[in-house]
Amino acid sequence: MIDNYFSGSDIQEFRKWMEWADRYVVISHMGPDGDAVGSSLALCRFLRKCGKQCTVVLPDEVPDFLKWLPGFSDVVIYSDDSERAEKLVYDADVVCSLDFNTVKRISGVAASFLYTKAKKIVIDHHPYPGPFFDVTLSHPESSSTSELVFHFICAMGQYGLIDTETAVCLYTGIMTDTGALTYNSSSSGLFGTVSLLLDKGIDKDEIYRNVYHTYSESRLRLQGYVLSEKMQIIDSASAALVTLTDAELKKYNARKGDTEGFVNMPLQIKGILMSAFFREDTVLGIIKLSFRSVGTVPCNRFSQEFFNGGGHVNAAGGEFTGTLQEAVEVFRKGLEKWAESSEECIRQLFVK
Ligand code: 5GP
Ligand code: MN
């Protein structure tokens, strides 16, 4: 059964905008991942097929393993050309916000986003969407924003406008947000969606190779280093932590996106239920934090409670201002605090 995320009334307002609005901008979050880029390119392609002007604006650089996506060459990156990005957002009739729920997540794009007179719609699967939108289409139970964009296009009655390239973008987002359909993807409806995307002519195995099998040699060696030298198993909890300093990243010539997936690796160990990855970013002057968990362990709550971050139950993130050592200290103290919790979803981390 295909899920039916949107009814006619959900998209009624957007339909009205389509009658008069010509200039559309699609924006998504900083540190754009496969779902952010895939869903944005797909929606943009759809709107262009509807005869609209549309541009994707992203806050910062896209990792190399996503640059092959159809339509990527037209994306405007705020950190490369802030003037153009801001003008597009200011001048837009409609801004479509994908895969984020707070303006903090769009960093430099936030100012123009908040001041533009454009109508605003959000399509997202993060919990607690912010109050910035005229239309909010939020489904935290969905695998990905890309899955929701597929349903959005279908709800608009335009399944026929989805071409192979659009389907490639949508499948990429679904694949990357579900670890290639290995987590957060146990709904038959999602497989129904994937089936329809396959009908559009995508080669899902080629998409997998394009995203996951295009590492540089140094990236794979960095992974080996992380696993043998940098993975700490926390004795007191079913948790693991990986940290990387800027110097270590430089030593392995790490590029944007090269550390993608590191946070998941410790979860391959039997019994590990939560994993954290802390990466020093001396350019931004912050520590970038990633958390992953299994089952009902709420790593988003850990991120929120101790680092003011957020995200999904099993995939969350945040930023820490301070040294890597201090971030590790907060992590350890956080686990100590959690060890006293009586909530079952948290307790399971501490039962041996
Ligand atoms: P990642 O570890 O892939 O960077 O992020 C995983 C998830 O955590 C994202 O999909 C997003 O929901 C959330 N997330 C990442 N970074 C931040 C952050 O700085 N703040 C908040 N609130 N959520 C974040
Ligand atoms: Mn997503």
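Arg-48 is partly exposed, at 37% relative accessibility. I am reading this from a predicted model. Its salt-bridge partner is Asp-74, and the closest N and O atoms of the two are 3.0 Å apart.

As background, side chains of opposite charge can pair when their charged atoms come close.

Next, the loop between E2 and E3 again. Asp-60 lies there, and Lys-256 lies in the loop between helix H10 (246–251) and strand E9 (274–281), so their pair ties together parts that are 196 residues apart in sequence. The N to O distance in this salt bridge is 3.8 Å. For Lys-256 the relative accessible area is 32%, which counts as partly exposed. Asp-60 is partly exposed as well, at 21%.

Now a pair within one helix. Lys-87 and Asp-91 form a salt bridge, with 2.6 Å from N to O. How many residues apart are they in helix H3? The answer is 4, and because of that spacing about one helical turn separates Lys-87 from Asp-91 in H3, residues 82–91. Lys-87 is exposed at 53% relative accessibility, whereas Asp-91 is partly exposed at 30%.

A network of salt bridges links Arg-45, Lys-49, Asp-163 and Glu-165. Over the whole structure, the search finds 17 salt bridges.

Methods. Residues numbered from 1 in each chain as written. Chains lettered and ligands numbered in written order. Predicted model: local features only at pLDDT ≥ 70, side-chain atom pairs only at ≥ 80, totals over all residues. Heavy atoms only, no water. Salt bridge = Lys/Arg side-chain N within 4 Å of Asp/Glu carboxyl O. Buried < 20%, exposed > 50% of the residue type's maximum accessible area, 1.4 Å probe, protein only. Helix = DSSP H or I, 4+ residues; strand = E, 2+ residues; numbered from the N terminus.
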